[in-house]
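Please read it alongside the sequence and the model.

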Amino acid sequence: MAVQTDPQTAGPAPSGPDFSGPDFSGHDSHGHHPESGPRRDFLTLLTGAAAVIGAGAFAFPFLDSLAPVGGPDAADATVDVDLSKIAPGQQIVVVWRGKPVFVVHRTPKALLGLQDTNLTDRLRDWASRERQQPDYVVNWHRSIAPEYGVMVGICTHLGCVPGYVPNPSATDPVANWPGGYACPCHGSKFDLAGRVFQGAPAQYNLPVPPYSMPTRSSLRIGLSPDDLDFDFSTIRQL
Amino acid sequence: MADPLTSSTTPAAMTGIPTSRAPASTLPDGYGPRSRWLDRRLPVISLLRREYVVYPTPRNLNYLWNFGALATVALAMLILTGIFLAIAYTPTAAGAFASVEAIDRQVGSGWVIRSTHMAGASMVFAALYVHTFRSLYYGSYKEPREVLWLTGMLLLVMMMVTAFAGYVLPWGQMSYWGASVVSGAISSLPGIGHPLAVWLQGGDTIGDVTLHRYYALHFVLGFLILGAVVLHVVALHVTGSSNPLGIEVKGPQDTLPFHPYYTSKDAIGVVLFLIAFAVLVFYLPGWLTQPDNYIEANPYSTPADITPEWYFAPFYAVLRAVPSQLGGLLLSAGSVLVLFAVPWLDTSPVHSARFRPLYRIAMMLLVVAFLLLLACGLHRPAGIWLALSRIATLYWFLHFLVLLPLLGGIETPLKLPDSIGRPVLPPRQATISTAGAGLPMPDGAMAQRMEND
Ligand code: HEM
Ligand code: FES
């Protein structure tokens, strides 16, 4: 028994119905060529459409699985902060949705400074006109309780974390420094309410996250006060 | 006028492409200049055409010849879902269980992806077992397909190792204790056993390091299997498929072009297979998993009943059929390994069981023995189940080691048909004629070939 090992030579004949499969020529009563009749075209189209829809449905779960999942960095995560542990003049940094959030306990003297027109004249947006904070903190201290400042510690220029330089100084980091934040990267400056100084690259105040105060001495970052709402993704510049 | 590279009539010498070897690009008329341009540089179109379009396939293949394609489909699903599981999985003893929970509950559509991966393992083994028994029944392993058979067996073993390693990854109770039992089995080998187990698991006990190793092993093997499938298919396309009559193709009257005849026949099988697959994924996801594996691995408490996945059950039954630890291990491994030798154990020149009355009965008994072992592996080894597993084990080895070598001499085979075409086609078509103009078939100069035959 000869073993047929060369598929090339065992192939079907170039013409002639006998080796090339069943003869369908009698099947089409309308006289169409069976390979190109409208019925065949329709079936091909239908099969193709079903395949495309199927492939789309099949692809969905795979793409869906790449979407972000819950967890400490999720878009609905909240972080609680106990304010009683923060001494006047002190700042702590907490991580909220993967970002640093400054929580600063401002002294009465610092609060007076925030309202001083000598300061506000040097700021780009002293009245918080740009949408860099929830509406419920659009006020002179950019916070719910004046003594506690809460802001996302990401410079609105190119994203470095500004340093906390709370003490006034005649020379350092700039002349007539009233206390605030200085960005190490390109020298942007912010006051203790996170408002940006003129004459430096950052254009916008530091963002304030949505937060609420369940008690006088605690914060819940990520959750607006009852019946208020703020979508953090709508701020102008992060 | 035309770009010399795209003109089909330009001699190859003028194109700057070496002509010393036979051209790999063999496109007939009817292909455009772009296809020709590509094909002359990378003959993918020629290759696909030769191997999956005009590829001459015996005209009498039945639906059992679908199962190789079905296994391929299941393998593709496993690899695809596996990649996406790997993206969300954490391969550490501390994080694995939680990450699998997160895949089921938090990752978008993670539950479908995981369920598809789990059902995929069962579907691939189901397809492979049918595929293998098909090859045994029709003598597909015989000359000239011995290497094809060996690559297939290699695939089966690789698939088993992969499935085992994968089962450890969720780090549930069954994962952990399954891995323990296998490590214990390896340790029980005399001499090298203990060092081998320690080397495999990266320590004296199963822990974080072991899980890392199994993860790497599982990931890499999936792709090695893909490579081995390529070897398998290359070996298949050298000899061509066998067929239910088990006689070789003698000429064009015995074959059909692969496309559209077998592409559509395979497509029907694939659709039915995917329906069964989807039913498992969406309606019966609990069928193929054990509740104990949803309890995190606890090295200080063994679950009451360690049952293997169904596809390991037959070999697990062999393991427990003998009261000796080493004996059980050797028999169990032997029950798979003996299959490698089948082409040399079978002494009959007749391929298909259709023409071997005694072998046909023996094959049916073999299927029964396999199913019995499967059932025994899922039950406690006591009473009737223990007795049945012993009988079935005995028959398994008897079949391969005694019946296969002896039957060739004892049995009188039925008369084989002269050709595939003769019993299949109506008399008008079976005899070679030159009349008529039916479907226009591509490809060249076959006519002389027939006269030579
Ligand atoms: C991932 C695993 C495997 C894949 C994807 C695969 C794929 C295929 C495909 C596509 C075919 C051609 C279609 C068919 O005959 O069904 C084939 C043929 C074949 N396979 Fe496999 N196979 C696998 C494992 C195995 C195993 C475990 C064996 C048995 C040891 C095996 C033995 C054979 C044989 C002998 C043939 C030729 C059958 C014939 O022509 O009669 N394969 N395989
Ligand atoms: S990033 Fe802060 S000044 Fe440029």
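Of the 29 residues around ligand 1, those that come nearest are B:G68, B:S140, B:G152, B:S241 and B:S242. A residue is near a molecule if its C-beta atom, placed from the backbone, lies within 6 Å of it. This is a predicted model: local features need pLDDT of at least 70 and side-chain atom pairs count only at pLDDT 80 or more, while totals for chains, interfaces and linings use all residues. Residues are numbered from 1 along each chain as its sequence is written, and chains are lettered from A and ligands numbered from 1 in the order in which they are written.

Helices are DSSP runs (H or I, at least four residues), numbered from the N terminus.

B:F223 lies in helix 9 of chain B. Why does B:F223 count as exposed? Because B:F223 has 12 C-beta neighbours inside 10 Å; exposed means 12 or fewer other C-beta atoms within 10 Å of a residue's own, with C-beta atoms placed from the backbone. The C-alpha atoms of B:F223 and B:I79 are separated by 7.8 Å, and the two residues are 144 apart along the chain.

Now chain A. The domain assignment, automatic or from a database, gives domain 1 (18-64) and domain 2 (79-234). Their centres, taken over C-alpha atoms, are separated by 65 Å.

Key
Helices (H or I, at least four residues) and strands (E, at least two) are DSSP runs, numbered from the N terminus. A residue is buried if 20 or more other C-beta atoms lie within 10 Å of its own, exposed if 12 or fewer, and partly exposed in between; C-beta atoms are placed from the backbone.
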